[in-house]
Every structure is written in C-alpha cells, then in structure tokens.
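Thanks for coming. I will go through one model today, starting with a pair of charged side chains and ending with an annotated site.

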Amino acid sequence: MKTLQKQIAEKLLEVKAVRLQPNNPFTWASGWKSPIYCDNRKTLSYPAVRTYIKLQLARVISETFPEVEAIAGVATGAIAQGALVSDLLGLPFAYIRATPKDHGLENLIEGELRPGAKVVVVEDLISTGGSSLKAVEALRRFGCEVVGMVAIYTHQFPQATVAFEDANVRLVTLSNYDAVIEEALRTNYVSEEDLEALREWRKSPDTWRQE
C-alpha cells in the first residue's frame, strides 16, 4: 500500500500541480533556477483531489494537534484549503496577509481570532519557510498560541528544517520532494538520468545552474 506521501505526490503530478523539467528549468521569482514548479492552487479545480487533500489535512490536524481552537491560512495559496479544513472541523478561520492592507483598517490578519487561541496554520507549500514563519510571527504578536503548521507539500530544504526548529514550530506535511521524485520515476515522468540533477538541486537550490 502506498504511503500518504506517495498518494499525495501521485495526485499532485496527475493534475500538474507539480511539474518537473530538469532539462528546461523554471526560474522562480527569487531568481533561482529550479527543475520543479509547484502550484497547489491547481488542486482546487479538481473536486476529487481537493476533497482528498482537505480530508487528509483535517485528519492530520485532529490527530497531531487535538488542542486546536482555530485555523489560519497563509495568503494567498492556503486561503481556500484553510477555509475548507476549518469548515470541516467546525473551527474559526482567519488568514494572514503577506503585508498589511494599505487602506481601511490596515489588517494583517483577516478574520476574527481571539488572543490566546490555540491556532494551527495551514500552508500550501514550504520552500525556505520564510513567508510561512512570518505568518506565525504575526499570529504570535497578536497573542495567539501557534501549536503547529500543516502543509500540502515541502521541498525539504535543509534551511527550512533549521528555520522551523529555530522558530519552535512543529511542521507536518502531507507530501514532500522525495515522494514526488519517487512517483515521477515510477511513472516514467522522469528518467534515472534525471535523478542526479534533481538531487543536486535540493542540496543547493540557490546556486544550482546559476551562470
């Protein structure tokens, strides 16, 4: 039987939420060259995949963080999944902007959370962890207790592991880079010859194939 990590990886590849191009790398907004591009918002357009991910996120939250009192999504990628999960669990929902609004109440946190609430943060993708942990900082400044974070997928960068440990945030993900590569190889999405490039990228994503 496939592990959850591989089941999610299979679904992400099927709907092209994850795409692999080791011989024709993508360029991220940061300028990094990458053999992988992940856009988990695509899963929202496929009801069966959307529901499966929602159910698994909710299950992981219930089992791992039973003390949870509210769900917070990270804008913009995790707003929809966070709302779906909070609805399923019957919990309050809010989302955290990357920057405060420049008008009105200038909110950074949208929704109603009470100070002291035990919050689980929902994220769609973990790369270096920077934007995800900024959301955690915002919640903590507001007075909430962040009991953990759940995400659909992580690139498994070593620097992200260190960042979450330093921030004292427990992270649980449904799938990861290793599982995606294994499923891609199993289905002939990539070849054995591609594996070296895919593995080298994760070791040093900021310098991989930079000219």
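Is Glu69 buried, partly exposed or exposed? Glu69 counts as partly exposed, at 30% relative accessibility. Here, buried means under 20% relative accessible area, exposed means over 50%, and partly exposed lies in between, with a 1.4 Å probe and protein chains only.

Before going on, the ground rules. This is a predicted model, where local features need pLDDT of at least 70, side-chain atom pairs count only at pLDDT 80 or more, and totals for chains, interfaces and linings use all residues. Residues are numbered from 1 along each chain as its sequence is written, and side-chain values use heavy atoms, with hydrogens and water left out.

Back to Glu69. Its side chain meets that of Arg114 in a salt bridge, at 2.8 Å from N to O. Arg114 sits in the loop between strand S7 (109-111) and strand S8 (118-126), and Glu69 in the loop between H2 and strand S5 (70-74), so the bridge ties together parts 45 residues apart in sequence. Helices (H or I, at least four residues) and strands (E, at least two) are DSSP runs, numbered from the N terminus. Arg114 is partly exposed too, at 47%.

A salt bridge here is a side-chain nitrogen of Lys or Arg within 4 Å of a carboxyl oxygen of Asp or Glu. That rule gives twelve salt bridges. One of them pairs Lys6 with Glu182, at 2.9 Å from N to O. Lys6 belongs to helix H1 (residues 4-14) and Glu182 to helix H6 (residues 177-186), 176 residues apart. Lys6 is partly exposed at 27%, and Glu182 is partly exposed at 42%.

Another salt bridge joins Glu63 and Arg59, at 3.0 Å. These two are four residues apart in helix H2 (residues 47-64), so about one helical turn separates them. Glu63 is exposed at 55%, while Arg59 is partly exposed at 33%.

Last, the annotated site. An unreviewed UniProt entry places a "binding site" at twelve listed positions, among them Arg97, Lys101, His103 and Gly130. The lining of the largest pocket takes in members of this set including Arg97, Glu123 and Gly130. A pocket is an open set of points on a 1 Å grid over the protein atoms alone, where a 1.4 Å probe fits, with protein on both sides within 12 Å along at least five of seven lines; lining residues have an atom within 4 Å of a point. UniProt positions follow the numbering used here, feature names are shortened, and annotations may be inferred rather than shown by experiment. Gly130 lies in helix H4 (residues 130-142) and is partly exposed, at 35%.
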